[in-house]
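Subject: Structure for you to look at

Hello,

I am passing on the structure we spoke about. My notes on its salt bridges follow below.

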Amino acid sequence: YQYDGEHCNSPVFADGAIYFIGNEKDDGAVKLSLSENGENITEVWRNSKVKNNFNAFVKVENNLFTTVAGNWLKALNDENGLVSDSVKVATGSLIFADNKFICYGMNGEVNLIQYNQNKFDVTGNFKIKEGTGHHFSHPVLANGVMYIRHGNALMAYQLKR
């Protein structure tokens with residue numbers, strides 16, 4: 001266990017459940033059930049081995065997807081919290097759009113990843129070379145263009161469909 005600062009990850013609310021992935025010693029991924037009247041919360045499952053410190057998790061259909069230390073993207077089944085697949089990509093920010101994941105790693109590497117039938121497939125990657133400082137921003141998609149900020153540089157990439 002190594003404390004390396006505050007990481008204010010946002011919880012995700014979907015289908016009456018609250019999902020959160022933290023990075024502290026006993027945290028990890030958790031699913032909480034919220035009662036209909038909103039007065040009670042019950043822990044459904046916890047996977048303390050899956051930790052995230054960079055707000056890089058999304059819920060798509062019946063899975064949570066997150067990047068973790070050691071440069072992995074993991075898929076967790078939202079019913080039981082177990083990892084159903086993983087693929088080696090740089091740990092960093094993660095978004096999902098147009099049926100693909102875009103992971104912008106803290107090392108400047110960008111990966112485009114498909115997920116079909118519980119299997120990952122990295123379909124493209126490149127390295128951000130413009131800008132300075134940490135690679136801590138999130139990619140943004142608008143009208144088929146992906147925008148990535150790195151320090152004082154803003155890059156735009158046309159994505160093929």
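Glu43 is partly exposed, with a relative accessibility of 43%. This is a predicted model, and in it Glu43 forms a salt bridge with Arg46, the closest N and O atoms lying 2.9 Å apart. Arg46 is also partly exposed, at 40% relative accessibility.

In total, the model has 3 salt bridges. Lys59 takes part in a network of them that also includes Asp15 and Asp78.

Take Lys59 and Asp78: their side chains meet in a salt bridge at 3.1 Å, N to O. This pair connects distant parts of the chain, 19 residues apart. Lys59 sits in strand E5, while Asp78 is in the loop between strand E7 (72-77) and strand E8 (83-88). Both Lys59 and Asp78 are buried.

Lys59 also forms a salt bridge with Asp15, where the closest N and O atoms are 4.0 Å apart.

Are the two ends of the Lys59 and Asp15 pair buried or exposed? Lys59 has a relative accessible area of 19%, and it counts as buried because the cut-off is under 20%. Asp15 is at 73% relative accessibility, so it counts as exposed, the cut-off being over 50%.

Regards

Notes
Residues are numbered from 1 along each chain as its sequence is written. This is a predicted model: local features need pLDDT of at least 70, side-chain atom pairs count only at pLDDT 80 or more; totals for chains, interfaces and linings use all residues. Side-chain values use heavy atoms; hydrogens and water are left out. Buried means under 20% relative accessible area, exposed over 50%, partly exposed in between (1.4 Å probe, protein chains only). Helices (H or I, at least four residues) and strands (E, at least two) are DSSP runs, numbered from the N terminus.
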